[in-house]
Amino acid sequence: MVESWVNYAERIGSDLHLELSAPGSRRAALGKALRDAIRSGRLAPGTRLPPYRSLAADLGVARNTVADAYAELVAEGWLTARQGSGTRVAERALPLHPAVTAQASAPRPRARAPRHDRSARHDLRQGTPDASAFPRSAWLASYRRALHQAPNEAFGPGDPAGRPELRAALAAYLARARGVRTEPNRIVICSGFAHALRLLFGGGSRGVTGNVDRAGNRGGGGQVLRGPLAVEAYGLPFQRELLAAEGVRTVPLPLDEHGARVDRLARERAVLLTPAHQFPTGGPLHAERRAAVVDWARARGAVVLEDDYDGEFRYDRKPVGALQSLDPERVILIGSVSKSLSPAVRLGWMVLPERYVGDVLAAKGDREAWASVLDQLALADLIVSGSYDRHVRRMRQHYRSRRDRLVAALAERAPHIEVSGVAAGLHAVLRLPPGTEPSAVEAAVRQGVALDGLAEFRHPETDMPSDDGLVVGYATPPEHAYGAALEALCGALTPGGTRES
Ligand SMILES: Cc1ncc(COP(=O)(O)O)c(C=O)c1O
């Protein structure tokens, strides 16, 4: 299983998220999924579809099934096929909007989660992609093209919504790769997930930090969302602290093998979830809970914040599509390039229900003060030129192999340790016998390994039973250093290396 999808995906190609859930044959289901995607505007006119073999591999169907479905849609006028330019969505298959529009003085946050031993020889802290794999040449080429092509007005003050080129590129990319239903004017560019939280919850009204930009200017708007905010019982401490600094109370939802217990949602006005890959414990949110949380939001007039931090990185199957597609009016999807490219780029996006767009723009102020317009243009070029897809697909292969090596090394050297969660993302959680986490972290430090225990991520107010585990960022070290880091980690985990405290 782990082999097939990613190996095929390694080939140059592009991602296309489709759910083949319609009854009947696979060809009929694929035809319906493609028509729905075109009709809803998720696949814009002119969009190039993946080659037969690539889509067949991604969907786990026969190549002929895809070829037949494409041929049928060409005959119906949804698609065009031309020698040399592949199969594209027909220009006259106009995107319709209904799929989107018819649905209806707190402490300052710490800069990072606490780290163990900054001088450690082996860095297995989660949170960073392999920095040595940043696509320098592709980024440089995109930057160069973007600078050449940018109109003069691009060098003036930036539009707080973000560059239209980037919003259009993201709308098409997110629809294609993550199943998101949106349009460019519902996307607001920001500098990353943390900035999005500040924009949504930062309130000028209570005299807390508000939306103050790098230059110290306050954004013009009030608070877009109010607490209390339900969060997963395990999550990034930095995010909780940031919210606390904004005066937002967070209420922990327990987790079980199906993800967050959304049945525990009560009077909160919003919930923050990591549905594709729970951070950090690693499971996806169960399909029934995905539906249930949207029902809750509809019934309560509440909103779901979807943190899609590593949604593209799934190794055992194609990624689960974004929760946002279940109800674009009830879910705010937030993403960034921090995992896919680098956290140094500081670019992210918010895909918003229509009613929040004005308030978020007001919160940003009159001009773009965070996200460099030139970087935005470069990212737009990277996406439109296909380089972003190529990089993501290459990194999927790279990180999958890192994870496989971790699993294999543990199976051989520390077979009592279970790697939990699905094969996805840039980190894994190693489950430990109860009570052994502190000594395991200490043993790792003695071996020169920097990593975090699960306890670092636990909400202080949760009453769910605590789990012992290590959060291993297998993407972090450069390739040449990974083998030695694994060796040191296994050295810390060999039987007898950890003890109950
Ligand atoms: C759970 C989670 N959410 C979001 C992010 C992205 O944060 P940002 O976009 O602010 O870098 C990260 C880190 O990359 C993360 O681990």
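This is a predicted model: local features need pLDDT of at least 70, side-chain atom pairs count only at pLDDT 80 or more; totals for chains, interfaces and linings use all residues.
User: Which way do the residues of β11 point?

Analyst: V331, L333 and G335 point one way from β11, whereas I332, I334 and S336 point the other way. Residues on both of these sides are buried.

User: How should I read the pairing of strands, and which strands are joined to β11?

Analyst: In general, strands of a sheet pair through backbone hydrogen bonds, either parallel or antiparallel. Strand β10 (residues 303–307) runs parallel to β11, and 4 bridges join them; L305 has I332 of β11 as its bridge partner. Strand β12 (residues 348–351) runs antiparallel to β11, again with 4 bridges, and G335 has W349 of β12 as its bridge partner.

User: What is the strand order in the open sheet of 4 strands, and which strands lie at its edges?

Analyst: The order is β13-β14-β17-β16, with antiparallel pairing. The edge strands are β13 (418–420) and β16 (452–453), each of which pairs on one side only. Between β13 and β14 (residues 428–431) there are 3 bridges; the partner of S420 in β14 is V429.

User: Which helix lies across strands of this sheet, and at what angle to β13?

Analyst: Helix α13, residues 387–413, lies across β13, β14 and β17 (469–472). Relative to β13, helix α13 runs at about 150°.

Methods
Residues are numbered from 1 along each chain as its sequence is written. Side-chain values use heavy atoms; hydrogens and water are left out. Two strands pair if DSSP finds at least two bridges between them. Helices (H or I, at least four residues) and strands (E, at least two) are DSSP runs, numbered from the N terminus. Contact means heavy atoms within 4.5 Å. Axes are lines fitted to C-alpha atoms, for helices over the stretch in contact, and angles run from 0 to 180 degrees between N-to-C directions. Buried means under 20% relative accessible area, exposed over 50%, partly exposed in between (1.4 Å probe, protein chains only).
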